[in-house]
Amino acid sequence: MMNTNSTINRTFSEQKKQEVLLRIDNLVKYFPIRAGVFKRIVAWVKAVDGVSFEVYKGETVGLVGESGCGKTTVGMTLLRLYEPTSGRIIVDGEDTTHYFLPKWKAKRYVEKVYLSRFKNNNFQPVDELDRKYFEIFKNNGEEGLLEYLIGDLEEKRLKFRRDIQIVFQDPYSSLNPRMRVKNILAEGPLAHGLFRKSEALDRVGRALEEVGIHPTHMYRFPHEFSGGQRQRIGIARALLMNPKLIIADEAVAALDVSIRSQVINLMMDLQKEHNLTYLFISHDLSLIKYISSRVVVMYLGKVVETAKKKDLFEEPLHPYTKALMSAIPVPNPEYKKQRIILQGDVPSPVNPPKGCYFHPRCPVAKPICSQERPELREVKPEHYVACHFPGSL
Amino acid sequence: MSEPKPRSEFRRMMRKLLRNPSAILGFSLLAFFVLVAIFAPYIAEPVNPQMLDENGKPMRLDNPYIMPVITWSSEPIPPSKEHPFGMIQGRDIFYGVVWGTRTAFYIGLTVTLISTAVGIVIGSISGYYGGWIDEILMRITDVFLSIPFLLAAMVLTTILGNGLDKVMIAMVVFGWMGAARLIRANILQVKEEQFVLAAKALGIKDFFIILRHILPNTIFPVLIQASMRMGSLVITAAGLSFLGLGAPLGYADWGSMLNFTRNWILGTSGSSMTYWYAVFYPGMAMVLFVLAWNLVGDALRDVFDPRLK
Amino acid sequence: MNALQGDLGWSQVGKEPVLKAILGRFPYTLELALYALFPVVGVGIWLGVKAAVKRDKFLDHFIRIVAIIGWSFPDFVFGLLVLMIFYSVLGWFPPGNLSLWAEQIVKSPNYLKVTHLLTIDALINGRFDIFLDALRHIVGPVITLSFLWWAYLLRITRSSMLEVLSKEYVRTARAKGVPERDVIHKHAKRNAMIPVVTVAGAMVIGLLSGTVIIEVIFNRTGIGQLAARAAVELDYATVLGTTLFYSIILVLGNLIIDILYAVFDPRVRLS
Ligand SMILES: Nc1ncnc2c1ncn2[C@@H]1O[C@H](COP(=O)(O)OP(=O)(O)OP(=O)(O)O)[C@@H](O)[C@H]1O
Ligand code: SF4
Ligand SMILES: [Mg+2]
């Protein structure tokens, strides 16, 4: 079940200069489809099917793809609002995959993914994490590694919850309609003991100020605010936890265009002030182009291309990315761009096509595309593509 | 910014409630019964006129809920000045009707509160955790639902023995399923709401997520349902007393008073409405009490949740 | 367990095996429930549709108030009133199953018992006098039982009808100029019946188990009365047996309703 080999094949750059905050390794999330009288599982929705990417400290990664390609599921799974089917979620150099499992399952996970391999005599570490955990294993034995990984799980969970926060899409359902803003904002930090009750008003007020809402409004209920204001409150809620990473799932998609840029700019300002890292999920390429430093493109539960923003937008190598980009409206009419119209619909994630998932719609597909699934390869420095014929469109 | 909406919303609902004539009737009836229950000792003094203390005054009853036997003739005696509702089995019907109000409130409120609380706990766990916990709890609920309520209560009272407290236990044991199902269905809806997911992402404990985020957004329909159930619960309890399973003989309970009456009606054939008062007064008290709750529940439902059937 | 083999033990109240006691008395209960079903369904649905069509008009309020009052009547209070008026005062509808003379004829060996339902068997035997006598005895309980349940059906019909009337296709039909009478009877009513059918199971069960108190009041020897007597006399075997019997009927009834529902409602079939 657990694939411990990182699926990113590195050829150009072995070591990274930047510090990795989040590494998602071959993440898989299937949802069961049940039917019949006995509610048997008849099929699986392969919402996320082997996704790997990294997020460096201080950057903004844009996760982009058509509706239904699994972006939200990636976000929810890495937050463990869904349990992953398999794969690893590594935060700040520690494997966190087992954090939200019951203790016995967590132990089983560690045994399966690390211990069983470490006990093998000709074990070769495949990544940084392996090296680190193997060191602990050598020095402190099996018990030592288990203690390191699954000791104090509750403490680890809480730390994880502080480190990663989310801003949701729907400003209307993301705030509890029966709680005052003050309580909505103070709930998390109080539960974590980040500040005392007596400080709550002060801290909440300052956070509100920071997102551009008058502190005296903290006694109001969510429905007394506009959509943009609510989204700001949602941002303040995440901010108050002092997170390292904020996942923003279509955080501005539900807002008026005029308000969108205000909220986006606010988020970018906050990023500088608080040294935040963003994983920005959106189906809107122009927004992604504006905000992110690197981009991950998803199609049907898989990553098809990932690169620095500049590289990606200047030279998209995957036919799908290219097709997506051709659909962005260009402000400059001089620049004539050929619009690539994709044929057919996105296939169902229940029965994805054989070979390259994109081949039924790909304008440049060749026979091999329907047979062999292309792996994500580093085609140019820090530019990964999952295509047999990158750049051919 | 406009004025805070929840309060104005609330006021709008209240206004709507007060414009509904059947709601007003319901609330006034209820208020009347509450007053009767509170002032029962003044309306029908709990004394036994047959027994005098050393000062020559009627003795106070040890237990005011046991109707004092005033005359030894068990045949119903028609209404008179001293006994405006008449007498049956040697006991004053007026006294029984007044003190029976307290019994009705006691049974109805206790059973409704406890069974609703049990239902909320079971339904919350079932809905929130889902999976096999949900599966098991819902199958148990189905089993409980597949036994007709009155019969289930009869079974339990035969096992536990007769008595008002046993009847109440039986009604709690077989009365929580409606609340459990309703709250579960509501939770299933609410738990996918983003504010619940946000609370999880904040690391809030399940218990507090249910308490602060889910229940406040799901509880109203359950409370309305509970108020609508009050009526039928009181009927069932009285029905069990009527069958001789609930309140003991001579207890100030509308159901057991009617139990006396039935024998007298069956005993007389084709004569006249000789014993009408023995049915009419306790019967009307019951009907009006149940009606009050039904009207209130119906009005609350109309105002707060038009979807609830 | 013995119960699984149909052995429910000895009934002290019935002075015979529990299963025999139940099966012997069930026809009386069933007959009562069946007779009550017609007025309940007829009146309940008719008034429910009326109330929905005249929503928030006087008629609607009036029907609903009467229904709520009906729903608020404890069965034993209403039953006692019926008994008092129609038996004590008017002498029309006596308690019991049959008059003494009819009972003797029915018990005689050459009286055919085909359905075990008193009225039907009387017709089969060509004894119109017994048929009338049985009818006279069943009217009181039927009035009582149906009075309690039409209110329930009315409520469901009304809200279901209101929901359907607000649906798109009904509004389209209206917009297209379909006469209001046809909108209600051809389009709305048929769809509004779907939820009504789902509660039909609950209702038949309610009618059946509602007979407990009514049989006691009207002194009819059905299983309801058996259960009530057994409960008072702490006869566990009989109480458990009757409850089990009722539960089985309830489960079977609901199963049949579920199946019918799936057959008739295309939405259920699709999903
Ligand atoms: N809880 C769930 N149960 C079953 N299937 C699900 C669930 N959540 C998502 N899916 C399915 O998984 C796939 C990916 O959904 P997801 O919401 O992650 O897409 P998305 O990229 O966020 O799309 P959008 O842009 O519309 O938000 C879809 O086919 C969806 O139907
Ligand atoms: S692998 Fe083939 S089908 Fe897939 S994107 Fe590349 S060229 Fe198109
Ligand atoms: Mg999404």
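This report describes confidence, domains, a pocket and a ligand shell in a predicted model of a complex.

## Confidence in the model

For the complex, the predictor gives an ipTM of 0.87 together with a pTM of 0.75. Chain A has an average pLDDT of 88, with 92% of its residues scoring at least 70, while chain B averages 80, with 86% of the residues at that score of at least 70. For chain C the mean pLDDT is 77, and 89% of the residues reach 70 or more.

The starts of two chains call for separate mention. Within chain B, confidence is lowest in helix 1 (residues 5-19), where the mean is 66, and highest in helix 9 (residues 194-201), where the value is 92. Residues 1-6 of chain B have a pLDDT below 50, and this stretch has 11 contacts in the model beyond near neighbours in sequence. Where pLDDT is low, the predicted coordinates should not be read in detail.

## Domains of chain A

Chain A is divided into domain 1, which is made of two segments, 5-97 and 293-385, and domain 2, which covers 163-290. To the contact between them, domain 1 of chain A gives 29 residues and domain 2 of chain A gives 23 residues. Taken over C-alpha atoms, the centres of domain 1 and domain 2 of chain A are separated by 27 Å.

## The second largest pocket

The second largest pocket has a volume of about 2,000 Å³. Its lining comprises 47 residues, of which Arg80(A), Leu81(A), Tyr82(A), Glu83(A) and Phe100(A) are the closest to the centre of the pocket.

Strand 1 (residues 20-35) of chain A gives the most to this lining, contributing five residues. When the lining of the second largest pocket is sorted by class, 23 residues are nonpolar, eight are polar and 16 are charged.

## The shell around ligand 2

Ligand 2 is surrounded by 13 residues, and the closest of these are Cys356(A), Cys362(A), Cys369(A), Cys387(A) and His388(A). The lining of the second largest pocket, by comparison, includes 16 charged residues.

Methods: Residues numbered from 1 in each chain as written. Chains lettered and ligands numbered in written order. Predicted model: local features only at pLDDT ≥ 70, side-chain atom pairs only at ≥ 80, totals over all residues. Heavy atoms only, no water. pLDDT = per-residue confidence, 0-100. 1 Å grid on protein atoms, 1.4 Å probe; cavity = no way out; pocket = protein on both sides within 12 Å on 5 of 7 lines; lining within 4 Å. Points joined across faces, edges and corners; volume = space filled by probe spheres on them. Helix = DSSP H or I, 4+ residues; strand = E, 2+ residues; numbered from the N terminus. Nonpolar A, V, L, I, M, F, W, Y, C, P; charged D, E, K, R; others polar. Near = heavy atom within 4 Å. Domains from an automatic or database assignment. Contact = heavy atoms within 4.5 Å.
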